[in-house]
Amino acid sequence: MAKRDYYEVLGVSRDVDPKTLKSAYRKLARELHPDRNPDPAAEDAFKEATEAYQVLSDPEKRSTYDRFGHAGVEGQGFIDPADIFGGLQDMLGDFFGGFRRRRPDAPSRGANVRTAIELELFEALHGVTREIELRHAQPCDSCEGTGADGGAFDSCQRCNGMGRLAVRRGAFVVQVDCPDCDGQGRTPKSPCGACEGSGQTISDRKVQVEIPGGVDHGDTLRVQGEGQSGIRGGPPGHLLVDLRVHPHPQFTRNGDDLVHPLHLSFPQAALGARVAVPGLRESDDGYELIVPPGIQPGETLIIEGEGAPRRRGRGRGDVVCVVQVDVPRDLSPRAKELIEELAQSFGG
Ligand SMILES: [Zn+2]
Ligand SMILES: [Zn+2]
């Protein structure tokens with residue numbers, strides 16, 4: 001299989017500066033790290049990104065790579081496992097710090113919990129409070145999420161307590177989690193009875209979520225501190241709520257405005273009319289609009305300040321009524337006569 005270009009792997013330009021390079025790698029690592037992302041494909045992508053970063057973050061290797069491509073840096077055994085342990089671990093430590101992998105006894109923040117809420121358009125525009133039922137894994141209280149009875153461990157024999165093993169993959173030596181201890185570097189003396197050694201229990205609870213007016217489909221709301229509880233006194237994670245807004249049959253959101261197709265008959269468009277525009281909910285009164293004579297298809301009538309709360313600034317957007325002139329399909333004989341008469345008066 002052809003190897004992907006290292007710059008492409010990290011999603012950076014060829015003249016990227018070290019700082020941008022580092023942050024691009026961190027972002028990917030955060031997304032793809034096997035601790036965070038259970039998808040097996042993510043692990044390969046993580047290794048690919050790490051390899052790319054190993055090369056591009058070293059000025060000498062980078063310049064060799066720039067001149068000769070993969071061939072220039074391959075098969076030279078340039079990745080020293082000590083490098084990975086030192087450099088990479090130090091760097092990852094910044095954002096995986098507090099993870100029990102690295103410092104087993106440090107407090108760690110609880111993981112975020114993600115859920116979704118479905119909203120009607122009215123609720124999205126005006127806000128609503130919802131009680132939602134959450135069911136998620138939670139670090140076990142009795143063993144503080146370690147899975148070990150009484151928190152008692154033995155050092156892992158296979159990896160000598162390092163948690164990582166060096167494995168050869170083609171030309172590279174990469175570090176993988178030790179399968180015996182799952183990267184922990186230690187194994188429980190005996191499994192925790194409360195969670196059967198898994199370190200996790202299931203939490204069922206209800207949370208009130210206040211959804212502010214003006215949210216839109218695809219927004220994510222963060223409810224502070226409603227995620228998994230922290231371990232050893234660490235702070236809890238957050239609850240992330242993805243918002244999904246049902247399509248409305250009469251109104252379509254366009255930024256701060258709501259767009260409404262205003263269907264008029266030819267006489268209404270030609271002569272002008274008073275027409276009703278429905279409200280967002282069936283129980284709402286709606287609006288009355290004065291249509292001026294001679295309005296054309298595609299012209300708009302604005303109902304000011306009845307749209308969504310403005311994302312920037314105060315007040316609300318508008319309801320924008322877009323005129324559509326409906327042509328009748330089935331005509332009574334009388335109507336047909338009249339239209340023919342009308343056509344004659346137009347000179348056709
Ligand atoms: Zn081990
Ligand atoms: Zn337990």
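The model is predicted: local features need pLDDT of at least 70, side-chain atom pairs count only at pLDDT 80 or more, and totals for chains, interfaces and linings use all residues. Residues are numbered from 1 along each chain as its sequence is written, while chains are lettered from A and ligands numbered from 1 in the order in which they are written.

**The whole chain**

- The secondary structure comes to 9 helices and 15 strands; helices (H or I, at least four residues) and strands (E, at least two) are DSSP runs, numbered from the N terminus.
- The radius of gyration of the chain is 31 Å, whereas a compact globule of 348 residues would have one near 20 Å. This radius is taken over C-alpha atoms, and the globule rule is 2.2 Å times the number of residues to the power 0.38.
- Along the principal axes, the C-alpha atoms fill a box of roughly 100 × 55 × 40 Å.
- Of the 348 residues, 20% count as buried. A residue is buried if 20 or more other C-beta atoms lie within 10 Å of its own, exposed if 12 or fewer, and partly exposed in between, with C-beta atoms placed from the backbone.
- Among contacts between residues at least 6 apart in sequence, 60% join residues at least 24 apart. Two residues are in contact if their C-beta atoms, placed from the backbone, lie within 7 Å.

**How confident is the prediction?**

- The average pLDDT of the chain is 85, and 90% of the residues score at least 70; pLDDT is the predictor's confidence in each residue, from 0 to 100.
- Over residues 76-102 the pLDDT is below 50, and this stretch has 32 contacts in the model beyond near neighbours in sequence.
- Where pLDDT is low, the predicted coordinates should not be read in detail.

**More about the strands**

- S1 and strand S9 (residues 239-245) run parallel and are joined by 7 bridges. The bridge partner of Arg-114 in S9 is Leu-240.
- Another open sheet has 4 strands in the order S10-S11-S15-S14, also with mixed pairing. Its edges are strand S10 (252-254) and strand S14 (300-303), each with a single partner strand, so one side of each has no neighbour in the sheet. Neighbouring strands of this sheet are turned by 35 degrees against each other on average, direction ignored.
- S14 pairs with strand S15 (residues 319-326) in the antiparallel sense over 4 bridges, and Ile-303 stands opposite Val-319 in S15.
- Strand S4 (residues 164-169) has 6 residues and the number buried is 0, so S4 lies largely in the open.
- S4 and strand S5 (residues 172-177) form an antiparallel pair over 6 bridges, in which Arg-164 has Asp-177 in S5 as its bridge partner.
- The hairpin of S4 and S5 has 2 residues between the strands, and Gly-170 there takes a positive phi near 60 degrees.
- In a regular strand the side chains alternate between the two faces of the sheet.

**Two helices to look at**

- Helix H3 (residues 40-56) has 17 residues and should span 24 Å at 1.5 Å a residue; its end C-alpha atoms are 25 Å apart, which agrees. The expected span is 1.5 Å times one less than the number of residues.
- Buried residues in H3 include Ala-49, Tyr-53 and Leu-56.
- Helix H9 (residues 333-345) has 13 residues and reaches 19 Å from its first C-alpha to its last, close to the 18 Å expected. The number of buried residues in H9 is 0, so H9 lies largely in the open.
- Just after H9, Gly-347 takes a positive phi of about 90 degrees.

- Leu-56, in helix H3, counts as buried because it has 24 C-beta neighbours inside 10 Å. Not counting residues up to four places away in sequence, Leu-56 touches Tyr-6, Leu-10, Leu-21 and Arg-62.
- Gln-138 sits in strand S2 (residues 128-139) and counts as partly exposed, with 19 C-beta neighbours inside 10 Å. Leaving aside neighbours within four places in sequence, its contacts are Gln-200, Thr-201, Ser-203, Gln-228 and Ser-229.

Methods
Pairing = 2+ DSSP bridges. Axes fitted to C-alpha atoms, helices over the stretch in contact; angles between N-to-C directions.
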